[in-house]
Each structure stands twice: as structure tokens, then as C-alpha cells.
Amino acid sequence: MIIQFDRIASILFLAIGVLFIIGSQQLGSSSYGSAVGPDIFPLILGSILVLLSIRLFYETFQKQNQQGSKEKLLYKPFLIIFIATLFYILTLETIGYVITTFLFLFVCFQTMERTKWVQSLIISACFSGFVYFFYVEILKGTLPGWPIWFS
């Protein structure tokens, strides 16, 4: 039963990845004030999603001979991460990239493993700060920085 789900999921993720790649080709190659165009990240993410879905599809054929026990579906962590994602999407522009990404990652890490909150705090802060610095300062891209009320 799980192998069948993985096959279907891999096909759906493959279709989504292809749609990301096609959609990225329809975006402009550069934007005003940015050396990195808006088509780069959707193209990269779509390509990664396609590669990972092909690998998942391949792995379902390798595991076909093995019978695994049926796993219990974890609805509570899914709902927590889903709500955190919605919060992230809705508040990214107003609160800024660094704060919303930090909060999103911290909530997701704590949902997956509650005992290591200090480690989650450090990783979330370093990741959001590093990505913001790398994308804005080195690649000269634009991200919503800090909120107006923070400055």
C-alpha cells in the first residue's frame, strides 16, 4: 500500500516539477536592480523536484519485493507545518524574509523533533541570515528585508 502511494506521489511531484520548469521559462530572465532573474529559482527547484521524483519512482521498484508494515499517518505534525506554511506565505512581505523564515524553520524543526530547541534555534537563525546575506549581498537579488517597524 505504501509503495503504491509513493509511486503516485512521485508521478504527481514529477508533473509539478515539469510545470515549475515550464513556468520559469515564461518569466523574464532579469528584473530591475537584480543580477539574478526571477526565472532562476523556479527552474532550479523544478529541476530538483523532477530529479527527486524520478529517484522516488525508481526506489518503489526496488522495494517492491520487500513488504513493509503499514505506518500510522501523523496528522497533527502535518497540520502544524501546513498552518506554519500559510503563515509564512501571508506574512513574508509585511514581516520580512529573515524573521518569517526564522519562525517558519523553528516551528517546523520543533514539530519534527521537540527536544532539541536550542539546536533548532541556532540552525534557523543561521540559515535565514546566511540565505538572506548570500542572495541579497552576493547575488544582488531582492528579498523583503526587515519590517518597517523594526528599522
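I take helices as DSSP runs of H or I of at least four residues and strands as runs of E of at least two, numbered from the N terminus.

**Before I start.** I am reading a predicted model, where local features need pLDDT of at least 70, side-chain atom pairs count only at pLDDT 80 or more, and totals for chains, interfaces and linings use all residues. Residues are numbered from 1 along each chain as its sequence is written, and side-chain values use heavy atoms, with hydrogens and water left out.

**Serine 120.** I found serine 120 in helix α5, residues 117–138. Is serine 120 buried or exposed? Its relative accessibility is 5%, so I noted it as buried (under 20% relative accessible area; exposed is over 50%, partly exposed in between, with a 1.4 Å probe and protein chains only). I then looked up its neighbours: leaving aside residues up to four places away in sequence, serine 120 touches Phe106, Phe109 and Gln110 (contact means heavy atoms within 4.5 Å). A polar atom of the serine 120 side chain also lies 2.9 Å from the backbone oxygen of lysine 116.

**Cysteines.** I looked up cysteine 108 and found it buried, because its relative accessibility is 8%. Cysteine 126, at 49%, counts as partly exposed. How many disulfides does a search of the whole structure find? It finds zero (a disulfide is a pair of cysteine sulfur atoms within 2.5 Å).

Notes
Polar contact = N/O pair within 3.5 Å; in protein donor to acceptor, adjacent residues only side chain to side chain.
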